[in-house]
Amino acid sequence: MIVLLGRSGDHDMCVPFTGSEAWTRSIGYKTIDEWRPWYVRGQVSGFTQGYDYNLTFLTIKGAGHTVPEYKPLESLEFYSRFLATANI
């Protein structure tokens, strides 16, 4: 099984998340998990949306282009969940 994750910091001025989101939607896959917040330690850490064919798009609140540099805890959390195929 192939699982794909697209992610963007919502403060990324190099590649704004709106462009990444538009590209993800343009693929044309059916939305199976509507746009919703995801959490780390009870705090909103960004937003995510799931699509057919195991494609997930998510934003990281307050992160710039180099997401792990800006938000290391949130990065570790979403990558860990993604690799464990757990719900983000």
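Which residues does Glu21 touch, if we are not counting residues up to four places away in sequence?

Tutor: Glu21 touches Trp35 and Phe57, once residues up to four places away in sequence are set aside, where a contact means heavy atoms within 4.5 Å. Before we go on, please keep in mind that this is a predicted model, in which local features need pLDDT of at least 70, side-chain atom pairs count only at pLDDT 80 or more, and totals for chains, interfaces and linings use all residues. Residues are numbered from 1 along each chain as its sequence is written, and side-chain values use heavy atoms, with hydrogens and water left out.

Glu21 belongs to helix 1, which covers residues 17-26; helices (H or I, at least four residues) and strands (E, at least two) are DSSP runs, numbered from the N terminus. With a relative accessibility of 14%, Glu21 counts as buried, because buried means under 20% relative accessible area, while exposed means over 50% and partly exposed lies in between (1.4 Å probe, protein chains only).

Now step back to the chain that holds this helix. There are three helices and four strands, and reading along the sequence gives the pattern β-α-β-β-β-α-α. The radius of gyration is 12 Å, close to the 12 Å of the globule rule for 88 residues, so the chain is as compact as a globular protein of that length; the radius is taken over C-alpha atoms, and the rule is 2.2 Å times the number of residues to the power 0.38. Along the principal axes, the C-alpha atoms fill a box of roughly 30 × 30 × 20 Å. Of the 88 residues, 33% are buried, and among contacts with a separation of 6 or more, 50% join residues 24 or more positions apart.

Val67 touches Arg7, Ser8, Gly9, Ile60, Ser75 and Phe78, not counting residues up to four places away in sequence. Phe82, in helix 3, counts as buried at 18% relative accessibility. Apart from neighbours within four places in sequence, Phe82 is in contact with Val3, Leu4, Leu5 and Ile88; from C-alpha to C-alpha, Phe82 and Leu5 are 7.8 Å apart in space, although 77 residues apart in sequence.

Arg41, in the loop between strand 2 and strand 3 (43-51), is exposed with a relative accessible area of 74%, and its phi is near 55°, a positive value in a residue other than glycine. Thr85, in the segment after helix 3, is exposed with a relative accessible area of 57%, and its phi, near 50°, is likewise positive in a residue other than glycine.
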